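Please look over the structure shown below before reading on. The questions that follow treat local packing, then the contact between the chains, then the charged pairs.

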Amino acid sequence: MTTTLDLIREELTQILTDKGAATGEITADTLLLNGPLDIDSLDLATLVVILEEKTGLSPFADGFVLFHTVGELAALFGDAHD
Amino acid sequence: MRMTDAPRKWVLVSGVSRGLGLALARDLLAQGYGVAGCSTTFSDDLQALKDVHGDWFFWQGVDMADTSAIEAFVLAAVKAFNGHRMWGVVNNAGMSVEGILSTLPVSDIEKVLQVNLTGAICLARSALRQMMKTRKPGRIINISSITGLRGYTGLTAYAASKAGMDGFSRALSREVGRVGITVNSVAPGYMKTQLSEGLDDRQLDQIVRRTPLGRLCELADIVHLVRFLLSEEAGFITGQTLVVDGGLTS
């Protein structure tokens, strides 16, 4: 069982690596935008699309839900998935 | 297609059953792209493309007013072209209703905006969800119209939908430019087919007289520009509305 947090960590690292940005420690409290990670809104949208595909969930289907940290995003997709 | 086939770029094209969409599909296949086309109906011309190009031409019936069908079409095309790179989208599908606005049925207005604008935006959205994952360059081309720039009596809803496409191109170009995806509108002048079906001979003559290059727009004029915009060489052109009208609106 992979936790959603693990999945987000893995995908964020991939996105950062792809764009040649530095990767660091990613915890539930890590801010997604305007924090230590070199990602922008387009990167974040890419992450959400990947999460939607991998979990089969669409937490934003009925409208945007505000989130700031990795943990808040993970909570939107549920705690764990197969 | 066979797994051993050399990788090809492939392009989504909407409204491929006739007119410009058919000409675009035919040309892009001839240029070596795979083409995933959609339209409401299948036609003998499309069957001919299938006969010649086999699996490099994928088709699915889609009503552009049905956003879930658009998403399903893109996912089916991704599956069909598995292992090959989605390179872009040509939003060509469109419809027109004619009439003085005060008597135009609201349902017609809604349908035109739904098909021409919402449908095009949703096709680009579904495609981008796939393209973003690769973080590689790509192309989005929206076929708009000079009526969206200058207007034409009796084509208010149509003109609004096409002007909307141009605005959409400008905004999206800013959003996805960083990953090298370009977004442009191509605005054809009056063509003998499609839109100008609603124009009589007198109106067409008037258009020709007012056109510096002295003729109506031909399908090839648009096909050649789309071919260029899809090329690697056009990678620094984005957020533009390219008018192909023989100088009519100059």
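**Packing and contacts in a predicted model**

Q: Which residues does B:Thr182 touch, not counting residues up to four places away in sequence?
A: In this predicted model, B:Thr182 belongs to strand E6 of chain B. Leaving aside residues up to four places away in sequence, the residues that B:Thr182 touches are B:Gly138, B:Arg139, B:Ile140, B:Ala234, B:Gly235, B:Ile237 and B:Thr238.

Q: Is B:Thr182 buried or exposed?
A: The relative accessibility of B:Thr182 is 4%, and the cut-off for a buried residue is under 20% relative accessible area. B:Thr182 therefore counts as buried.

Q: Which backbone atoms does the side chain of B:Asn184 reach?
A: B:Asn184 is found in strand E6, which spans residues 181-188 of chain B, and with 1% relative accessibility B:Asn184 counts as buried. Its contacts beyond four places in sequence include B:Ile237 and B:Gln240. A polar atom of the B:Asn184 side chain lies 3.0 Å from the backbone nitrogen of B:Gln240, and at 2.8 Å the side chain of B:Asn184 reaches the backbone oxygen of B:Ile237.

Q: What is the area buried between chain A and chain B?
A: The size of an interface is often given as the accessible area lost when the parts come together. Here the contact takes 12 residues from chain A and nine residues from chain B. Carbon and sulfur atoms give 54% of the area buried between the two chains, and that area is about 970 Å².

Q: How many residue pairs are in polar contact between chain A and chain B, and which element supplies the largest share of the side of chain A that touches chain B?
A: Between chain A and chain B, five residue pairs are in polar contact, with both residues at pLDDT 80 or more. On the side of chain A that touches chain B, helix H1 (4-18) and helix H2 (41-55) each supply at least two residues. The largest share of that side, eight residues, comes from H2(A).

Q: How many charged residues are on the side of chain A that touches chain B?
A: By class, the side of chain A that touches chain B has five nonpolar residues and one polar residue. The number of charged residues on that side is six.

Q: How many salt bridges are there between chain A and chain B?
A: Over all chains, a search of the whole structure finds 11 salt bridges. The count between chain A and chain B is five.

Q: Why does the salt bridge between A:Asp43 and A:Lys19 tie together parts that are apart in sequence?
A: A:Asp43 forms a salt bridge with A:Lys19, with the closest N and O atoms 2.6 Å apart. A:Asp43 lies in helix H2 of chain A, whereas A:Lys19 lies in the loop between H1 and H2 of chain A, so the parts tied together by the pair are 24 residues apart in sequence. A:Asp43 is buried at a relative accessible area of 1%, while A:Lys19, at 26% relative accessibility, counts as partly exposed. The separation in sequence that the pair spans is 24 residues.

Q: What is the distance between the closest N and O atoms of A:Asp40 and B:Arg178?
A: This pair crosses between chains, from A:Asp40 in the loop between H1 and H2 of chain A to B:Arg178 in the loop between helix H6 (156-176) and E6 of chain B. A:Asp40 counts as partly exposed at 24% relative accessibility, and B:Arg178 is partly exposed with a relative accessible area of 42%. In their salt bridge the closest N and O atoms are apart by 2.5 Å.

Q: Which residue of chain A meets B:Lys133 in a salt bridge?
A: The side chain of B:Lys133 takes part in a salt bridge of 2.7 Å, N to O, and the pair crosses between chains, from helix H4 (residues 106-134) of chain B to helix H2 of chain A.

Note on methods
Residues are numbered from 1 along each chain as its sequence is written. Chains are lettered from A and ligands numbered from 1 in the order in which they are written. This is a predicted model: local features need pLDDT of at least 70, side-chain atom pairs count only at pLDDT 80 or more; totals for chains, interfaces and linings use all residues. Side-chain values use heavy atoms; hydrogens and water are left out. Contact means heavy atoms within 4.5 Å. Buried area is the accessible area (1.4 Å probe) that two parts lose on being put together, summed over both. A salt bridge is a side-chain nitrogen of Lys or Arg within 4 Å of a carboxyl oxygen of Asp or Glu. A polar contact is a pair of N or O atoms within 3.5 Å; within protein, one must be able to donate a hydrogen and the other to accept it, and residues adjacent in sequence count only if both atoms are side-chain atoms. Helices (H or I, at least four residues) and strands (E, at least two) are DSSP runs, numbered from the N terminus. Ala, Val, Leu, Ile, Met, Phe, Trp, Tyr, Cys and Pro count as nonpolar, Asp, Glu, Lys and Arg as charged, and the others, Gly among them, as polar. Buried means under 20% relative accessible area, exposed over 50%, partly exposed in between (1.4 Å probe, protein chains only).
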